[in-house]
Amino acid sequence: PAPILNSVTTGVPDFASQTLSITGNWSPIANSTGYNAILTYPNGQTASQIAELSGAIFTGIDSVGVFNYRVNALGNKGGAGGNSYFDSSYDSSGIFVVYEELLTFSKSFIDKITIL
């Protein structure tokens, strides 16, 4: 079966480099040998990561716009004990938008808090 995306956290900024990160977490799948996470950028290019655990993070993103996060479970293709498990279909986040203000916001919300 395909893993189910539990959450996609978008636009976590790194103010020092003026970039952001996007993280996805999904439910684990029995008998998978790993996961392939794919992030589709606004320009149509993709980045992928092979993950052993049920989460992957894409960092250093310097573009804004419409993204898509997908993940599938990887099988063993018949390599373990005669049982053949093949790659699953993908689960997708659907499209989501990261706005430019995330990269330009530079003031912390705790700037005006005073502890008495």
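**Reading the model**

Modeller: Strands (E, at least two residues) and helices (H or I, at least four) are DSSP runs, numbered from the N terminus. The model is a predicted one, in which local features need pLDDT of at least 70 and side-chain atom pairs count only at pLDDT 80 or more, while totals for chains, interfaces and linings use all residues. Residues are numbered from 1 along each chain as its sequence is written, and side-chain values use heavy atoms, with hydrogens and water left out.

Biologist: How many helices and strands are in the protein chain?

Modeller: The protein chain has one helix and seven strands. Along the sequence they follow the pattern β-β-β-β-β-β-β-α.

Biologist: Is Gly 24 buried or exposed?

Modeller: A residue is called buried under 20% relative accessible area, exposed over 50%, and partly exposed in between (1.4 Å probe, protein chains only). Gly 24 has 0% relative accessibility and therefore counts as buried.

Biologist: Which residues does Gly 24 touch?

Modeller: Contact means heavy atoms within 4.5 Å. Not counting residues up to four places away in sequence, Gly 24 touches Ser 7, Val 8, Ser 54, Gly 55, Ala 56 and Tyr 69. Distance can also be read between C-alpha atoms: Gly 24 and Arg 70 are 8.7 Å apart in space and 46 residues apart in sequence. For the protein chain, 58% of the contacts with a separation of 6 or more are between residues 24 or more positions apart.

Biologist: Where is Ser 27 found?

Modeller: Ser 27 is in the loop between S2 and S3. With a relative accessible area of 22%, Ser 27 is partly exposed. Leaving aside neighbours within four places in sequence, Ser 27 is in contact with Pro 3, Ile 4 and Asn 6. The C-alpha atoms of Ser 27 and Asn 6 are 6.7 Å apart, although 21 residues separate the two in sequence.

Biologist: How is a nonpolar core to be read?

Modeller: In soluble globular proteins, nonpolar side chains tend to be buried together. A nonpolar core is a set of buried Ala, Val, Leu, Ile, Met, Phe, Trp, Tyr and Cys residues joined through side-chain atoms within 4.5 Å. The largest one here has 19 residues, and those touching the most other members are Ile 22, Trp 26, Leu 39, Ile 61, Phe 67, Tyr 69 and Phe 96. At least two residues of this core come from each of strand S2 (19–26), strand S3 (34–40), S5, S6 and strand S7 (91–98). S6 gives the most, with four residues.

Biologist: How many aromatic pairs are there?

Modeller: Rings of Phe, Tyr and Trp (its six-membered ring) pair if their centres lie within 6.5 Å; planes under 30 degrees apart count as stacked, over 60 as edge-to-face and the rest as tilted. By this rule there are four aromatic pairs. One of them joins Phe 58 and Tyr 69, edge-to-face, at 5.7 Å centre to centre with 80 degrees between the planes. Phe 58 lies in strand S5 (residues 55–61) and Tyr 69 in strand S6, so the pair ties together parts 11 residues apart in sequence. Phe 58 is buried, with a relative accessible area of 5%, and Tyr 69 is buried at 0%. Ring pairs also link Tyr 41, Phe 67 and Phe 96 into a cluster.

Biologist: Where does Asn 72 lie, and which backbone oxygen is 3.2 Å from a polar atom of the Asn 72 side chain?

Modeller: Asn 72 is in strand S6 (residues 65–74), and with 4% relative accessibility Asn 72 counts as buried. The backbone oxygen in question belongs to Ser 88. Beyond four places in sequence, the residues that Asn 72 touches include Pro 3, Gly 34, Asp 87 and Tyr 90.

Biologist: Finally, how is the backbone angle phi read?

Modeller: Most residues other than glycine have a negative phi. Gln 18, a residue other than glycine, has a positive phi near 55 degrees. Gln 18 lies in the loop between strand S1 (5–14) and S2, and at 39% relative accessibility Gln 18 counts as partly exposed. Asn 31 also has a positive phi, about 70 degrees, and is found in the loop between S2 and S3.

Key
A polar contact is a pair of N or O atoms within 3.5 Å; within protein, one must be able to donate a hydrogen and the other to accept it, and residues adjacent in sequence count only if both atoms are side-chain atoms.
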